Amino acid sequence: MSSLLEPEVIEVMEHSSANPENMPGDLTAEEKAEIDREASHYENKSAVGLEALRIVQKYRGWISDDTLQAISAYLDVPAAQLESVATYFQLIFRQPVGREVIYLCKSASCWIKGCDRLQQHIYECLKIEPGQTSADGIFTLLEAPCLGDCDKAPVLMLGEEMFRNLDEAAIENLIKKKKKYHADQSLD
Amino acid sequence: MLINPLTKNVTDQNVAADLKRYLGNGGYEGWRKAHTMAPDKIIDLVKDGGLRGRGGAGFNTGLKWSFVPRGADAPEQKFIVCNADEMEPGTFKDRLLMERDPHLLLEGMAIAAYAIGASIGYIFIRGEYHLAAERLEHAIEEAKTQGFLGTDISASGFSLEIFVHRSAGNYICGEETALLNALEGRRAIPRAKPPFPQVSGLWGKPTVVNNVETFCNIPHLVEFGVEWYRGLGRGEDAGSKLFGVSGNVKNPGTWELPMGTPIREIIEQHAGGMHDGLRLKGLLPGGGSTDFLGPEHLDLRMDYDVIGRAGSRMGTGTIIVLDNQTCPVGLVLNLCQFFARESCGWCTPCRDGLPWIVKILQRIEAGEGRSEDLDLLREQCQRIGPGNTFCALAPGAAEPLQSALVRFEQDFFNHIKQHRCPYR
């Protein structure tokens, strides 16, 4: 009865996970559908690795070890290969970030227009150090390479939206608006 | 005759020209005409038109296409790839084309695909360009419903699918072989050349990678021909180009102008000149990885070889202006920080050399520079220069630095002598 050996091994592995009913890393049907749609554009599944990471991160905010394993299993791509991509690309997060990630453009045109000063101002407004997330868990500030909006410098990207021709007052307004939005959300 | 083929559908409104408007304004005529031509003839036409790659390198586009193997022995599967990973510091032209006139890019890619025999195209777009990616995807759907993309287009037997690939932020993906690795789902590290992508590219198949603006030049070049296209330029080079200016000028922006438009005209007429009270101290003619030019170069024409002979590069054609109240050492430090951060880490001169340069520049900017630092920086520029690295990233990083060390030498000296940044 050697054919029973294989399922037994698998069962042992499954027991090592917390709760098989609700694996923390398991991909949702929605995530899988989106990944499948992208995967159909390529010759093989390993090509869709980055897009899969991006899609799942959109729902979960960041890529945990469990999530990485789940994507690896779903695509049948080695976790190490997926990890090499996940750690390479700047828009993929391997640690938790705030609900709003501020990408402040730090490239030449924005530097001429005072992005360093604005960066300092954001640190002070949010009471954070470089790379940190604000205590309320809402904001993470990251430095972005050129965001390609140089005639409207200084600029930042928040979510999928660009904010242009910034000054200190505009930054304060933006932070206030987002704080209020998240406060209203938590009341609902 | 048409003089603004790249932006004729761009209005003041931030909306994309939809298929109806695009067709109403003569859209897909180049694609229709291309169908009636032999692929070889299209390649010859693009070559003779003198279109040079608008991503920065300025290589003749038709010549690039002609390296793709043809005939019975050639691999059947070929790819066309659009480099939409616009991330060169100070460059903001491809965003405009993709957001406002996505069909122009699709039409250009379709003609290129037909010319080289590719049946699949990818638009490799940086992850931050959300709006552009959405508008392109919408345009692809529109083009499919009208039969401009899909299977057996116009009953010609030619099929083409175009897909949008969203990347996730890395400057090096602009290097075409790094881009291909990323598209295959790997780390974006440049490949050794040869073989060139035209022979062995995506998944080892013949692949042509062109910049967004390059593709956007194709439809009208095919529709109106070589004579018209060459006539668009005012100097040595053919066609028109998106030029841009950023920095402390009155009216920063992007404009479609003839190739060969003098720098002075771009900065003074279109960008409105310097802010009151400021003087132009220098300029980077084509993005962050080009050598500084100075006020004495203002009357040069923006043509690839003209700017090349002056010791710099046309690059992306988007000018960063340095004024007399902005610290050149600080600007160069900012650029080197960008390149150090964006190095893929594959080869030693780039991975280790750039952070070293950043450290030296940081101490000079902080007033802790040493007298031997300038020689050290010059030596580093040599060591990360052409021939010593795997790709052009580090040599590109050396360009603004090496030219600043000559042009703004006094500023570097002053930092070291005064033990502070004189601009603060």
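Analyst: A word on residue classes to begin: Ala, Val, Leu, Ile, Met, Phe, Trp, Tyr, Cys and Pro count as nonpolar, Asp, Glu, Lys and Arg as charged, and the others, Gly among them, as polar. This is a predicted model, in which local features need pLDDT of at least 70, side-chain atom pairs count only at pLDDT 80 or more, and totals for chains, interfaces and linings use all residues. Residues are numbered from 1 along each chain as its sequence is written, chains are lettered from A and ligands numbered from 1 in the order in which they are written, and side-chain values use heavy atoms, with hydrogens and water left out.

User: What makes the meeting of Asp149(A) and Arg95(B) a salt bridge?

Analyst: The rule asks for a side-chain nitrogen of Lys or Arg within 4 Å of a carboxyl oxygen of Asp or Glu. For Asp149(A) and Arg95(B), N to O is 3.8 Å, so the pair qualifies. The rule finds 3 salt bridges across the interface of chain A and chain B.

User: How do you know how much area chain A and chain B bury between them?

Analyst: Buried area is the accessible area (1.4 Å probe) that two parts lose on being put together, summed over both. Here that comes to about 3,900 Å², with 54% of it on carbon and sulfur atoms. On the chain A side, Tyr88(A), Trp111(A) and Ile112(A) lose the most area to chain B, together 18% of what that side buries.

User: Which residues count as being in contact, and how many does each chain give?

Analyst: Contact means heavy atoms within 4.5 Å. By that test, 40 residues come from chain A and 56 residues from chain B.

User: Why is the space next to Arg54(A) called a pocket?

Analyst: On a 1 Å grid over the protein atoms alone, a pocket is an open set of points where a 1.4 Å probe fits, with protein on both sides within 12 Å along at least five of seven lines; lining residues have an atom within 4 Å of a point.

User: What is the make-up of its lining by class?

Analyst: The lining of the second largest pocket has 9 nonpolar, 8 polar and 12 charged residues. For the largest pocket, the division is 15 nonpolar, 17 polar and 12 charged. That largest pocket is lined by 44 residues, with Gly55(B) and Glu175(B) among those nearest its centre.
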